[in-house]
Amino acid sequence: MTAPSSDPAPHAPGTPPPGCPAHAGGQPVGRRLYTEDAIRNPRAVYEELREQHGAVAPVLLHGDLPAWLVLGYRENLKALQTPSVFSRDSRYWRDMEEGRVPSDHPLIPITAWQPLCVFVDGEKHRRLRGAVTESLDAFESRGIRLHVTQHTDRLVDEFAEAGQADLVGQFAAQLPLRVMTQLYGMSDEHGGEYGPAFIEAVQDALRGTATSAASNDFVTRTLDDLVARKQDTPAHDLPSMLLAHPAGLSTDEVREHLRLILTAANETTVNLLANTLHMVLTDSRFRADLAGGHMTLPDGLEQVMWDEPPMMTLLGRWAARDTALGEQRIRAGDLLLLGLAAGNVDSAVRDEDTPVIGNRSHLAFSRGPHECPGQQIARAIAESAIDALLRRLPDLRLAVPEEELRWSSALMYRNLAALPVEFSPVSRKLPVLDADAAGTLRAKLPSAVAAAPAAQGPGAGAGGPAAGRKRAPWWKPWAHQS
């Protein structure tokens, strides 16, 4: 596919095209987003750019590649909801087409075109996206929540007796992949191949370490084997659903979409978990008296997605033709970086300090035809995990002053580095099922899910501290416990 171009004449690779949005006279003029100050405090940079340029600002990415950063809420919606103008197809990218993006550029892994639903529009997108969305929607919320509660209890057991933990490294960073491998039909009975070794390989492949290439090869081989097994013995899992979908995905398409879902779901859900836990532990609205109508956990999730979304920016969209956005002239082939966090605090649509309880019109999961297909699963994981965690450790509290918490930032993400907490040590261990018992439970999962009671924490049973009380936990005031 050759992207349309409005250049009056060819120009040499490595030099800015005529009229380039971030260059003037061959010199960069856009704000660099990869400098130390921009990485340290991206929100401050967004507001400076908004003040200088309005809703759309010229910026420079690694290697001084020009792009437009979309800061306005309405402008983000326009770019997200009009793929005929702002395409997800990276083959429109003029800088790539004209040789200005080297093969080792850090954006290559997330911009190099692949035949996946995230890189196509129109009918091709509807076919692939339909298979992914309908397969994910086949999982019932209660079934997902059961998996989340089980894995949460296992993780808590690993640090419950210590009375302290890092809820990023020991909890939030571990849980999403464990749950997703369950949805993939990767049960513990397969041992290292479909267990801890696979999860570690996925995490290593995402870190960009010296062993990432080998880990990526291991992930590919494992997914190939998984798809082959599910062809022979389909079950109620995501690979089987993708294989059986009427869209007729090839085995390669199934494998690559399994990889895409696994990697895309991981960091965003880790961030959603960590950011919501941070809010639960530091925002007084969660610990107000129950009679005061304070914020509930689902309310808190939505507030976090307004104020601290899992992704700061979304790369990217490419202009399919000359157009305008905000007050800027956008040329065919220009790259757009969608400012999800900046759009969420646009004063044109909300006051940043005003709670937005019950309002799901944030940009956290993107919008339009490429909106995140797994957002309900992410919500289920975050809400169920925090609910189960607080039931096990009801006196959970920060172990350091809030101002000592540290964050790290990159182009698309802002990550909480650690969330040290302390709590009363809990010695009770959950029973561990042997292989036969675990297999029996999995075989009966649909009926077990339908009949599953709410997760019970310490003191919830007869004779515990909560015996005889009908008071809901402080984070869940709508519940009625007996």
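Buried means under 20% relative accessible area and exposed means over 50%, with partly exposed in between. The views below come from a predicted model.

**View 1. Gly-122 is a partly exposed residue of helix H6.**
Helix H6 covers residues 122–137, and Gly-122 lies in this helix. The relative accessibility of Gly-122 is 33%, so Gly-122 counts as partly exposed. Pro-83 is 39 residues away from Gly-122 along the chain. The C-alpha atoms of Gly-122 and Pro-83 are 8.3 Å apart.

**View 2. Six strands form an open sheet with mixed pairing.**
The strand order is E3-E4-E5-E11-E8-E6. Strand E3 (31–32) and strand E6 (86–87) are the edge strands. Each has a single partner strand, so one side of each lacks a neighbour in the sheet.

**View 3. E6 pairs with strand E8 in the antiparallel sense.**
Strand E8 spans residues 314–319. Two bridges join E8 to E6. Phe-86 stands opposite Ala-319, a residue of E8.

**View 4. Three strands form an open antiparallel sheet.**
Here the order is E7-E15-E12. Strand E7 (164–166) and strand E12 (397–398) stand at the edges. Each of these two has a single partner strand, so one side of each is left without a neighbour in the sheet. Three bridges link E7 to strand E15 (residues 420–422), and the two pair in the antiparallel sense. Asp-166 stands opposite Pro-420 in E15.

**View 5. The largest nonpolar core holds 76 residues.**
Seven names stand out by contacts within the core: Leu-167, Phe-171, Leu-175, Tyr-184, Leu-273, Leu-396 and Leu-419 touch the most other members. Helix H13 (residues 251–282) gives the largest share of this core, 13 residues.

How values were computed: Residues are numbered from 1 along each chain as its sequence is written. This is a predicted model: local features need pLDDT of at least 70, side-chain atom pairs count only at pLDDT 80 or more; totals for chains, interfaces and linings use all residues. Side-chain values use heavy atoms; hydrogens and water are left out. Two strands pair if DSSP finds at least two bridges between them. Helices (H or I, at least four residues) and strands (E, at least two) are DSSP runs, numbered from the N terminus. Buried means under 20% relative accessible area, exposed over 50%, partly exposed in between (1.4 Å probe, protein chains only). A nonpolar core is a set of buried Ala, Val, Leu, Ile, Met, Phe, Trp, Tyr and Cys residues joined through side-chain atoms within 4.5 Å.
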